[in-house]
Amino acid sequence: MDESATRLLQRIVRRIPTRMLKATLEKWDRLTAQQRLSVDFTEPKWELVQKLVSICEENRFTMKHITELEMIYVIENPDQGMWNTFQLLDPEEDAHSVELMRFREQFKSHLRELMMNVSVKIKRHTDEAVWIRIACGGDSFSRPNHLKPTYVVHHLQSPYVFVSSLTSKLKPLLLQALTLSTRHQAIKDANLSGRKLTAIRDLLMREYQHVFPTKYPSPLVENGQTLSNRHIDKEQADASTNRRQMAGEAFGDGPLPELQSAVYKLETKFKDPTNKTMTEREEPFRCSVKFSSTNLLESLKHCASSGIASTPVTPLLSSIPLKGRNYFVITDNAPGPSSQTRQAQK
């Protein structure tokens with residue numbers, strides 16, 4: 001192996017938890033049974049790294065083999081970085097007929113026409129998702145940097161593309177190659193990001209329980225209560241039921257996709273007729289509000305159903321699951337709730 005392949009292998013082995021290393025190597029299926037048995041997985045990680053480097057050097061593995069190992073681990077454990085979402089627009093007549101072999105050939109061809117010194121590896125996962133690993137050089141003369149790859153996930157015949165570790169240099173070239181190879185006219189930022197790939201995918205593709213309930217059972221009233229207590233309890237129960245219903249209508253029923261954040265950027269004019277200096281200011285005031293949680297949608301739903309947050313739920317919050325976005329720009333442009341969240345361009 002050359003030095004770059006060795007460095008990548010060392011990084012991958014250090015990255016994979018020891019408890020998962022044996023199973024990952026078995027899925028890789030590049031080592032013989034005897035070589036796998038020779039690895040003592042109870043040893044410290046640095047010794048495991050040295051042992052596996054020695055075996056791979058003995059097998060004369062290349063960068064191609066090492067990137068296969070990385071892809072296996074990343075596909076099985078996609079929640080390692082930040083994923084951003086893009087949406088393909090205006091499909092051509094034959095867009096629905098694009099299959100893997102055609103997509104693979106055209107994507108590689110288009111990307112290599114747009115940039116030199118790029119390495120592209122494409123693999124279909126068992127859930128029919130197409131995974132793409134891209135490594136490119138810093139300029140036209142440098143070799144692909146396999147230590148900082150970009151990962152792309154796309155379900156063929158769907159309009160959404162998920163990308164991790166995308167550089168500003170690669171972004172326009174990648175989006176152009178995706179647009180051409182999927183037979184679409186354009187692609188835009190979907191304004192949805194998160195660390196859990198499955199969560200943002202389920203949110204966009206509606207692969208979670210999103211049948212919004214309209215009725216909730218009222219709690220039973222005990223017979224031994226006095227008349228006045230029954231009236232009070234009924235009023236409280238009705239209010240609680242109403243809050244739960246409105247929370248359910250806003251966010252849906254059942255487990256929700258695990259988003260970690262939502263960002264709202266405010267752009268507004270100063271309005272005060274007594275202060276002409278500020279009112280006549282051409283530039284709007286700008287600020288940013290970010291909501292963060294390990295499971296933001298569940299947290300917002302709980303706040304609404306428990307009475308911590310007022311109901312009905314504001315469209316600014318209910319738009320997250322409804323529109324499949326967690327990045328919004330709020331402006332003064334037009335009346336009505338829908339105008340509060342005009343399309344944002346990152």
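The protein contains 12 helices and 9 strands, where helices (H or I, at least four residues) and strands (E, at least two) are DSSP runs numbered from the N terminus. The model is predicted, so that local features need pLDDT of at least 70 and side-chain atom pairs count only at pLDDT 80 or more, while totals for chains, interfaces and linings use all residues. Residues are numbered from 1 along each chain as its sequence is written, and side-chain values use heavy atoms, with hydrogens and water left out.

Of the 346 residues, 42% count as buried, that is, under 20% relative accessible area with a 1.4 Å probe and protein chains only. Among contacts (heavy atoms within 4.5 Å) with a separation of 6 or more, 70% are accounted for by residues 24 or more positions apart.

Helix H2 (residues 18–28) takes part in two helix pairings, with H4 and with H5. The axes of H2 and helix H4 (residues 45–58) come within 12 Å and cross at roughly 15 degrees; axes are lines fitted to C-alpha atoms, for helices over the stretch in contact, and angles run from 0 to 180 degrees between N-to-C directions. H2 and H4 are therefore roughly parallel to each other, the term for angles under 35 degrees. Their crossing is right-handed, meaning that the near helix is turned clockwise from the far one by less than a right angle. Thr18, Leu21, Leu25 and Trp28 of H2 meet Lys45, Leu48, Leu52 and Cys56 of H4. These residues comprise 6 nonpolar, 1 polar and 1 charged; Ala, Val, Leu, Ile, Met, Phe, Trp, Tyr, Cys and Pro count as nonpolar, Asp, Glu, Lys and Arg as charged, and the others, Gly among them, as polar.

With helix H5 (residues 63–76), the axis of H2 comes within 10 Å and crosses at roughly 120 degrees. On H2 the contact involves Met20, Thr24, Leu25, Lys27 and Trp28, and on H5 His65, Ile66, Glu68, Leu69, Ile72, Tyr73 and Glu76. By class, 7 of these residues are nonpolar, 2 polar and 3 charged.

In helix H11 (residues 296–306), the buried residues are Leu296, Leu297, Leu300, Lys301, Ala304 and Ser305. They lie on the same side of H11, because they cover an arc of only 160 degrees around the axis, taken from the directions from the helix axis to the C-beta atoms. Just after H11, glycine 307 adopts a positive phi of about 95 degrees.

Technical notes
Buried < 20%, exposed > 50% of the residue type's maximum accessible area, 1.4 Å probe, protein only. Parallel < 35°, antiparallel > 145°, perpendicular 65-115°, else oblique.
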